[in-house]
Amino acid sequence: MTLTGKARLAGVMGWPVAHSQSPRLHGYWLSQHDVDGAYLPLAVQPDDLAVALRALPALGFRGVNLTLPHKERAVELCDEVSEPARRIGAVNTIVVDADNRLVGSNTDAFGFLANLRDASDWRADAGPAVLLGAGGASRAVAVALSDAGVESIAIANRTARRAEALAETLGGAVHAVPWAARSDALADAALLVNTTTLGMRGQPPLELDLDALPTQAVVNDIVYAPLETPLLAAARARGNPAVDGLGMLLHQARPGFEAWFGVRPEVTPALRDFVLGGLN
Ligand code: ATR
């Protein structure tokens, strides 16, 4: 629809920002719900992040998403940061409140769980989880699973000290296992999540032996290009439920859209197809 002078404004700050699928995704929901609003790609250099965020209330923005490389830095720049975002160490969604304060949260943990529950019968009490990788995505997934009540969360990472550091800061159910032991760690797992970049288009393959994994365990790959990774294909071939990574990207966008534009959006097959069209 044509924007009026009262249009609600939001966007995504990144550097670079051109690869972000968020404008396409939010744009779909804006037109679907006929919202008088816009969601813009905002190319903000790292050195300009503080000034750009402070300008949001002055420009009348209701908030923004943050993508690489701004998510970690934004934790210090917000006036208020949600508890999960603090533990994840990254803010991906900012809402400008009624007092023009910047309220930061992290919707990746929400998106991960919403997608997993939407696309499979997984339950937190089904058994142990194994995470491959110890980067930012792994941190959000580990916090999500830990908050959901999963009793054992094993993290295997090529660089062992990153997995150990995650286990130390998150504590509780989270523990590190050696990268070399990743295949053995799958015995009695109820959930396997790949948060590494292995298996992504242009990246090396993920080497993993699924033999020990119970066939009812859910296998989730955070990678969504390609949508059907070799890991998901191997999981499906032996009868495991397989969940792709696109759903997490779509679900993590829901809380921000609702806060900025006042409509609760849904993840539908048509939305998946539309966003996939932008990836190919
Ligand atoms: P993100 O924040 O998106 O999770 P990241 O911090 O760059 O991204 O993390 C990428 C993950 O993929 C890391 O766990 C990385 O392992 P290291 O911590 O050892 O770097 C993992 N990864 C990338 N390439 C890999 C490879 N060739 N073999 C094993 N793990 C790899």
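These legends describe close-up views of one predicted model, in which local features need pLDDT of at least 70 and side-chain atom pairs count only at pLDDT 80 or more, while totals for chains, interfaces and linings use all residues. Residues are numbered from 1 along each chain as its sequence is written, and side-chain values use heavy atoms, with hydrogens and water left out.

**View 1. The shell of residues around the ligand.** The ligand is surrounded by 13 residues, each counted as near if one of its heavy atoms lies within 4 Å. The closest of them are Gly136, Asn157, Arg158, Thr159 and Arg162. By class, the shell holds four nonpolar, seven polar and two charged residues, where Ala, Val, Leu, Ile, Met, Phe, Trp, Tyr, Cys and Pro count as nonpolar, Asp, Glu, Lys and Arg as charged, and the others, Gly among them, as polar.

View 2. A polar contact is a pair of N or O atoms within 3.5 Å. An oxygen atom of the ligand lies 3.0 Å from a polar backbone atom of alanine 134, and an oxygen atom of the ligand is 2.9 Å from a polar backbone atom of glycine 136. Taken alone, the ligand exposes 640 Å², of which the protein buries 70%, with areas from the Shrake-Rupley method and a 1.4 Å probe.

**View 3. The largest pocket.** A pocket is found on a 1 Å grid over the protein atoms alone, as an open set of points where a 1.4 Å probe fits, with protein on both sides within 12 Å along at least five of seven lines; lining residues have an atom within 4 Å of a point. The ligand sits in the largest pocket, meaning that more than half of its atoms lie within 2 Å of the grid points. This pocket holds about 1600 Å³ of space, taken as the volume filled by probe spheres set on the points. Its lining has 45 residues, and those closest to the centre are Leu68, Lys71, Ala137, Met200 and Ile222. Helix α6 gives the most to the lining, with four residues, helices being DSSP runs of H or I with at least four residues and strands runs of E with at least two.

View 4. The peptide bond from leucine 68 to proline 69 is cis, with omega near 0°. Proline 69 lies in the loop between β3 and α3 (74-77). Most peptide bonds are trans.

Terms used
Polar contact = N/O pair within 3.5 Å; in protein donor to acceptor, adjacent residues only side chain to side chain.
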